Amino acid sequence: MVSKSNKSSSTQSQSRESAYKLLNSLIMKSPLLMDKFLKNQLIPLMNLIKKPKGWNYTPPNTTDQKQKFVGLKNLGCICYMNSMMQQFYMIPAFRYNLLCVEDGIPEDIKEYKGEKIDDNMLHQMQKLIAHLELSQRMDYNPMEFCFAFKEFDGSPTITSEQKDA
């Protein structure tokens, strides 16, 4: 049995395909018509689209089984840090208690590599753990955590420098 949503989706897909075929056949017959279409329709439409700085989103693959865990993206030489964060995450009491902590400190927004980031290590660790708990993405980018987790001299973690755990 075909559901209404599948039937509707199928009809939309067929309509879209027919519209593209018609547009393609009209444009192929006349280079002048193609030029006019591009200049008057497609280019203005493309100029309306706001281009994001970066998506930072990888949708779940519908053909894959639902993954049980979310990974941490390795930004260079931070596998030691990623493994520690994953170990902390795997301790439910630690994970849930960390997410409940209120430090009473407002966000300390700093600009770093064109991004505005809360420069509070606790806030960033809570954000990282929350993403590992709730995200549907395949992995989480820990760049903001690496910014808030400081070296001994107070500078952000250097992700291209090898460290030991």
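Trainee: How many bridges join strand 2 to strand 3?
Mentor: The model is a predicted one. In it, strand 2 and strand 3 run antiparallel. Y112 stands opposite E115 in strand 3. The number of bridges that join the two strands is four.

Trainee: Which residue in the turn of this hairpin has a positive phi?
Mentor: The hairpin of strand 2 and strand 3 has two residues between the strands.

Trainee: Is K113 buried or exposed?
Mentor: The cut-off for exposed is over 50% relative accessible area. K113 has 65% relative accessibility, so K113 counts as exposed.

Trainee: How many helices and how many strands are there in the protein?
Mentor: From the N terminus on, the elements run α-α-β-α-α-β-β-α-β-α. The protein has six helices and four strands.

Trainee: What span does helix 5 reach from its first C-alpha to its last?
Mentor: Helix 5 covers residues 121–134, which is 14 residues. At 1.5 Å a residue, 20 Å is expected, and the span in the model is close to that. From first C-alpha to last, helix 5 reaches 20 Å.

Trainee: Which residue has a side-chain oxygen that reaches the backbone nitrogen of L122 at the start of helix 5?
Mentor: The residue is found in the loop between strand 3 and helix 5. Its side-chain oxygen comes to within 2.9 Å of the backbone nitrogen of L122. The residue is N120.

Trainee: Which side chain does N120 join in a polar contact of 3.2 Å?
Mentor: N120 is buried, with a relative accessible area of 10%. Leaving out residues up to four places away in sequence, N120 touches D103, I105 and A148. The polar contact of 3.2 Å joins the side chain of N120 to that of D103.

Trainee: Which backbone oxygen does the side chain of Q124 reach?
Mentor: Q124 lies in helix 5 and counts as buried at 2% relative accessibility. Apart from neighbours within four places in sequence, Q124 is in contact with I117, D118, E144, F145 and A148. At 2.9 Å, the side chain of Q124 reaches the backbone oxygen of D118.

Trainee: Which residues of helix 5 are buried?
Mentor: What covers these residues includes strand 1 (71–72), helix 3 (79–89), helix 4 (92–100), strand 3 (115–118), strand 4 (139–140) and helix 6 (143–148). An α-helix has 3.6 residues a turn, so residues three or four places apart point the same way. The buried residues of helix 5 are H123, Q124, M125, Q126, L128, I129 and L132.

Trainee: Which residues touch the most other members of the largest nonpolar core?
Mentor: The largest nonpolar core has 15 residues. The elements that give two or more residues to this core are helix 3, helix 5 and helix 6. The members that touch the most others are L128, I129 and L132.

Trainee: Which residues does L128 touch, not counting those up to four places away in sequence?
Mentor: L128 is one of the buried residues of helix 5. In soluble globular proteins, nonpolar side chains tend to be buried together. With the residues up to four places away left out, L128 touches L72, M85, Y140, P142 and F145.

Trainee: How many disulfides does the count come to?
Mentor: A disulfide needs two cysteine sulfur atoms within 2.5 Å. C79 is partly exposed, with a relative accessible area of 43%, and its sulfur is 7.3 Å from the closest cysteine sulfur, in C77, so the two are too far apart for a bond. C146 is buried, with a relative accessible area of 2%. The count of disulfides comes to zero.

Trainee: What distance separates the C-alpha atoms of K163 and C77?
Mentor: K163 lies in the segment after helix 6, and K163 and C77 are 86 residues apart along the chain. Not counting residues up to four places away in sequence, K163 touches C77, Y80 and E151. The C-alpha atoms of K163 and C77 are separated by 7.2 Å.

Technical notes: Residues numbered from 1 in each chain as written. Predicted model: local features only at pLDDT ≥ 70, side-chain atom pairs only at ≥ 80, totals over all residues. Heavy atoms only, no water. Expected span 1.5 Å × (residues − 1). Buried < 20%, exposed > 50% of the residue type's maximum accessible area, 1.4 Å probe, protein only. Contact = heavy atoms within 4.5 Å. Polar contact = N/O pair within 3.5 Å; in protein donor to acceptor, adjacent residues only side chain to side chain. Core = buried A, V, L, I, M, F, W, Y, C linked by side-chain atoms within 4.5 Å. Pairing = 2+ DSSP bridges.
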